[in-house]
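Here's a quick briefing to read with the model open beside you.

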Amino acid sequence: MSAPSKVLALAERRDEPRLAALPTEPQQARGLAGLARAAVLAKLGGLPRGQLTLHEGGRRHLFGRPGDGPHAAVTIRDPRAFSAIAFGGTIGAAESFAEGWWDADDLAATVRLALSMGDGAEGLEGGLARLGGLIHRLRHRARLNTREGARRNVAAHYDLGNEFFELFLDPTLTYSCALFEREEATLEEAQLAKLDRICHKLDLRPGERLLEIGTGWGALALHAARRFGVRVTTTTLSRQQHQVATARVREAGLSDRVTVLLSDYRDLTGSYDKLVSVEMIEAVGWEFYPAFMRTLCQRLTPQGLALVQAITIPDHRFERMKREPNHINRIVFPGTCIPSTTALLGAAASHSDLRLFHLEEIGPHYARTLREWRTRLVARWAEARAQGRDERFLRGFEYYLASCEAGYATRYLGNVQLLFARPEATRAPIVPPLDG
């Protein structure tokens, strides 16, 4: 089995039995299966908006009401899906979809309907799903982002294979929220607009030293060096991303201006005029927000500016996010913790002298970004299979993209650009307006 398959096929590992596994005694198994089915149908009966059509074994169930919210149709391919969802909540829904136990005509709309039922006790995590919650919490806590843990967690996703990400990313290989300044903009144009916006906010000047925490495949480092004339030091924990970014810098003839490191942010040294980190804070873990903010402060000159682009969750959900696993940090991004804006600002205020200069929410652009990625992946499904990706892996990845799209479409998730300034940063950056 390939490494990507191992990431998403957790159900086949000996130490992690399938969520939907039932007792071997037939009568007891049937009893639990019936209980699970009844629990899921009862939960769907409380759908507050939109409409869901559920097909199972020749039967058709309608939940919700038409004309109020999204519509979706779900087909149960295997009755074990009920047990997976009833006892596993959102994690069970994701894993059973990856298994092929259920399908949807509109996957993102289906997740939007699930999100409308709320989180916690009132949503899919309530009821029987709480029985499996303790095991998931213990496994989640075992993925703490220490230096060694962070390397393992990053490798689990970003070292899946560069050729796989090339199937659905734009030519810049930018794996973060794009910014569609025009409705007709292509994904590549929207990613370049985002990179431009970041560089303008940082007020980059030729010859300045820029530190980037979280290289990706080098898009921002290349853009800043080539278009704004800065000297960039960028770091990643992904060996495969490091290889690609280094090669791209060399091919662009920018080796004298861009240095790509394979280093933990806590081990960085030196002093820089500007600092940027795009959607890397999610992999830091809430326990290490103080260390991250101290690093930003320590690496910047007294006149420095730092921009942090972060995926966020509403403040009232953050405490739950800290302790409760979900299908993203359980299957796709091990060790991930989505911060709230207040949590990040609090860490900056308590553990650095960074002051918030500007905040901009760009989350609505992420729904379209994710939809574009998913459309591209589905269109190149056969190529992904030719790479050796099995159906479970691909379905799991499709579910991840669709569920994130739904999260942004419903404002369950956000995406902010936080521009921080050190105390002596008196030169005000020009913050361009965002149209649309």
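What follows is a short tour of the fold, the aromatic rings and the charged side chains.

Bear in mind that this is a predicted model. The protein chain has 436 residues, and 58% of them count as buried. Its secondary structure comes to 17 helices and 11 strands.

**Overall build**

- If you take the contacts between residues at least 6 apart in sequence, 75% of them join residues at least 24 apart.
- The chain's accessible surface is about 18200 Å², and carbon and sulfur atoms make up 52% of that.

**Aromatic rings**

- There are 22 aromatic pairs in the structure.
- Take F168 and W373: their ring centres are 6.3 Å apart with the planes at 65°, so this pair is edge-to-face.
- F168 sits in the loop between helix 7 (162-165) and helix 8 (187-201), while W373 belongs to helix 15 (residues 364-379), so the pair ties together parts 205 residues apart in sequence.
- Both partners are buried: F168 has a relative accessible area of 0%, and W373 also comes out at 0%.
- F397 and Y400 have ring centres 5.0 Å apart and planes at 85°, so they are edge-to-face as well.
- These two share helix 17 (residues 391-409), where they are three residues apart, or about one turn of the helix.
- F397 is buried at 1% relative accessible area, and Y400 is buried at 5%.
- Both of these pairs feature in a cluster linked by ring pairs, whose members include F164, F165, Y175, W217 and Y408 along with F168, W373, F397 and Y400.

**Salt bridges**

- The structure holds 23 salt bridges.
- R385 and E391 make one of them, at 2.7 Å from N to O; R385 is partly exposed at 42% relative accessibility, and E391 is partly exposed at 33%.
- R182 bridges to E189, with the closest N and O atoms 3.0 Å apart. R182 is partly exposed at 38%, and so is E189 at 37%.
- D203 and R205 also pair up, at 3.2 Å from N to O. Here D203 is buried at 12% relative accessible area, because under 20% counts as buried, whereas R205 is partly exposed at 37%.
- R37, E56 and R59 join up in a network of salt bridges.

**Charges over rings**

- R395 lies over the face of F97, 4.1 Å from the ring centre.
- R266 does likewise with F288, at 5.1 Å from the ring centre.

How values were computed
Residues are numbered from 1 along each chain as its sequence is written. This is a predicted model: local features need pLDDT of at least 70, side-chain atom pairs count only at pLDDT 80 or more; totals for chains, interfaces and linings use all residues. Side-chain values use heavy atoms; hydrogens and water are left out. A salt bridge is a side-chain nitrogen of Lys or Arg within 4 Å of a carboxyl oxygen of Asp or Glu. Buried means under 20% relative accessible area, exposed over 50%, partly exposed in between (1.4 Å probe, protein chains only). Helices (H or I, at least four residues) and strands (E, at least two) are DSSP runs, numbered from the N terminus. Contact means heavy atoms within 4.5 Å. Accessible areas come from the Shrake-Rupley method with a 1.4 Å probe; for residues, only the protein chains shown count as cover. Rings of Phe, Tyr and Trp (its six-membered ring) pair if their centres lie within 6.5 Å; planes under 30 degrees apart count as stacked, over 60 as edge-to-face and the rest as tilted. A charge sits over a ring if NZ of Lys or CZ of Arg is within 6 Å of the ring centre and within 35 degrees of the ring normal.
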